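Hi,

Here is the structure I said I would pass on. Have a look at it first, and my notes follow below.

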Amino acid sequence: MRIHLSPSLALAALITAAVPLSAQQTIKPRPEDTEVWEPEPMVVTPSATCTAPPSDAIVLFDGKNLDEWVSVADKSPAKWIVEDGVLTVNKKAGNIETKRTFKNYQLHIEWKIPENITGSGQARGNSGVFLASTGPGDAGYELQVLDAYRNKTYVNGMAGSLYKQAIPLANPSRKPGEWQTYDVVWTAPVFNTDGSVKTSAYATVFFNSVLVENHFELKGETLYIGKPSYKPYTTAPIKLQAHGDPSAPISFRNIWVRELP
Ligand code: MG
C-alpha cells in the first residue's frame, strides 16, 4: 500500500527527526496531525429506491436469466425457473450457487413465500441464503429463509436466523404472498496458514429493513446436527437452498452484491 503524507505531516516528520528529544516534547499536537486525506472513498450513485442496485453493484439476478448461477452438484447451468422477472426454486434441481466467489460483501436479496403455502415449522417455505458456500449440499453459512409469519419453529432456525447459531433480534416477517428483503453485511472468516481461525465470520442482517443480526460472530459453519466449527476457505460462492420439504417452492428476485475491502 502506498503511504501519502500531507506536506504538513512530511514537514512534521522532518522536524521530529532533526530536533532532539527534549525539544520534541514541547511540540504541540495539531488537528492536521490526525487528518487522513487519502485514499478517498469511491463515489457511488445511490438508486432512487433503496432496493435497486447502486452503481457499483454486481447484479446476480435482475429478472432475466440465471447467467450468474450454476447447479452446486455438477456446476452445470442452474435449472431453477425464471418467469415474469422472478426466480423460483426447482426442488428437483437442487441447490444453486453463484459462478463468482466472494470474500467480504454487502448483499441485497428479495424472497417470497407463496400465498398458498402449506405445512408447518421447518416444512413451510424452507430455503436459505448461504452467505458462503464451502462445499456441496448445505455446507457453509446459512441465513435461513422460511415462513415466519405465525409459523412456530425453533427460534434459532426461523427466518432471520443464522441457522442454529443466531436468533433474530426481531421478527419483521410479512405475510406469505408478500415480497420480503434481506440486506446483509458479510465479513468472511480469516484463517492462518495452518488452517486455524485468525478471525471469525461476522454477519449483520436487516430483514425488511429491521436489524435482526447485529455484527454477530459465528462459531463456524451452520450445521443441521452438531456443534459448529470452521473449515478454511478464501473466497466462496453465495448459494441458494432447494430444501426438500414438501411445501410449494419459494421465489427470489432482485439479487445484487457489493464487494467490500
Ligand atoms: Mg433452510
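Let me start with Arg258, which is buried, at a relative accessible area of 17%. Keep in mind throughout that this is a predicted model. The side chain of Arg258 meets that of Asp56 in a salt bridge, 2.8 Å from N to O. This pair links distant parts of the chain: Arg258 is in strand E15 (residues 251–260), while Asp56 is in the loop between helix H2 (21–24) and strand E1 (58–61), 202 residues apart. Asp56 counts as partly exposed, at 25% relative accessibility.

Glu110 is buried at 5% relative accessibility, whereas Arg253 is partly exposed at 30%.

How many salt bridges does the structure hold? Ten. One of them joins Arg30 and Asp33, with the closest N and O atoms 2.7 Å apart. Arg30 is partly exposed at 32% relative accessibility, and so is Asp33, at 29%. Those two also belong to a salt-bridge network with Glu32.

On to the sheet. Five strands make an open, antiparallel sheet in the order E2-E5-E14-E7-E8. Strands E2 (69–71) and E8 (140–145) are at the edges with a single partner strand each, so one side of each has no neighbour in the sheet. E2 runs antiparallel to E5 (residues 96–98), and three bridges join them; Trp69 has Thr98 as its bridge partner in E5.

The loop between E13 and E14 is worth a look too. Thr235 sits there, between strand E13 (210–217) and strand E14 (239–240), and is partly exposed with a relative accessible area of 40%. What does Thr235 touch, leaving aside residues up to four places away in sequence? Thr101, Phe102 and Lys103. With Thr101, the side chains make a polar contact at 2.7 Å. Thr235 and Thr101 are 134 residues apart in sequence, yet their C-alpha atoms are 5.4 Å apart in space.

Tyr224 lies in that loop between E13 and E14 as well, and counts as exposed at 60% relative accessibility. Together with Tyr154 and Ile225, Tyr224 makes a nonpolar surface patch of about 370 Å².

Cheers

Methods. Residues are numbered from 1 along each chain as its sequence is written. This is a predicted model: local features need pLDDT of at least 70, side-chain atom pairs count only at pLDDT 80 or more; totals for chains, interfaces and linings use all residues. Side-chain values use heavy atoms; hydrogens and water are left out. Helices (H or I, at least four residues) and strands (E, at least two) are DSSP runs, numbered from the N terminus. Buried means under 20% relative accessible area, exposed over 50%, partly exposed in between (1.4 Å probe, protein chains only). Contact means heavy atoms within 4.5 Å. A polar contact is a pair of N or O atoms within 3.5 Å; within protein, one must be able to donate a hydrogen and the other to accept it, and residues adjacent in sequence count only if both atoms are side-chain atoms. Two strands pair if DSSP finds at least two bridges between them. Patches are made of residues with over 30% relative accessible area and no salt bridge: like charges are joined within 9 Å, nonpolar side chains (Val, Leu, Ile, Met, Phe, Trp, Tyr) within 5 Å. Accessible areas come from the Shrake-Rupley method with a 1.4 Å probe; for residues, only the protein chains shown count as cover. A salt bridge is a side-chain nitrogen of Lys or Arg within 4 Å of a carboxyl oxygen of Asp or Glu.
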